[in-house]
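Welcome! Here is a short briefing to read alongside the structure.

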Amino acid sequence: MQTSTLAANGKLNISDIMKSEGESRKISCNLADFSTGEWNYSDLFVTGAVRNNAGRIELECDVNAIISGPCSRCSRDFHKNMTAQIDEFLSENEQEPSSEYFYGFAVDLQGLAAEALILATPIAERCEECEKDIDTEGKINGGT
Ligand SMILES: [Zn+2]
């Protein structure tokens, strides 16, 4: 499988994959850092594949990143690794993309990765020490 090349703007060109059924490309690339205001996401790295499955373009990737921001419990800044999954498809026949990130012969991999990471971020993200404290409290209180 060939590795796909990514444009500098985070768009994945899929024109050659759309042309022939069974065609596929490996994806392995870095993407730009971004911030939601509360959280900063850096060291974005995407691995996976895009394939043409009988005219349906399937995109499956893992996104790895480092999330940093204030702990929801102790407010200290912390950072940790996180992963998220991208699982999207575009049916050429129906012309109904499963998401707004498909258009023409390109996929907005940067947009998909950002959305996947934001969705995978817990509402109350805690630092490692607070996670440990909560585990301990849970055990003391007879929790699991
Ligand atoms: Zn904390």
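**Hairpins, strands and a helix**

In the hairpin of β4 and β5, 4 residues lie between the strands, and G37 there takes a positive phi near 100°. This is a predicted model, where local features need pLDDT of at least 70, side-chain atom pairs count only at pLDDT 80 or more, and totals for chains, interfaces and linings use all residues. Residues are numbered from 1 along each chain as its sequence is written. Helices (H or I, at least four residues) and strands (E, at least two) are DSSP runs, numbered from the N terminus, and two strands pair if DSSP finds at least two bridges between them.

**Partners of β5**
- Strand β4 (residues 34-35) runs antiparallel to β5, joined by 2 bridges, and F34 stands opposite Y41 in β5.
- Strand β3 (residues 24-30) pairs with β5 (residues 40-53) in the antiparallel sense over 7 bridges.
- Within reach of your eye on β5 is A49, which K26 stands opposite.
- Strand β6 (residues 56-70) is another antiparallel partner of β5, over 12 bridges, and E60 in β6 is the bridge partner of A49.
- The hairpin of β5 and β6 has 2 residues between the strands, and A54 takes a positive phi near 55°.

**Helix α2**
- Helix α2 (residues 109-120) has 12 residues and reaches 16 Å from its first C-alpha to its last.
- That is close to the 16 Å expected, a span defined as 1.5 Å times one less than the number of residues.
- Its buried residues (20 or more other C-beta atoms within 10 Å of their own, with C-beta atoms placed from the backbone) are L109, Q110, L112, A113, A114, A116 and L117.

Note on methods:
A residue is buried if 20 or more other C-beta atoms lie within 10 Å of its own, exposed if 12 or fewer, and partly exposed in between; C-beta atoms are placed from the backbone.
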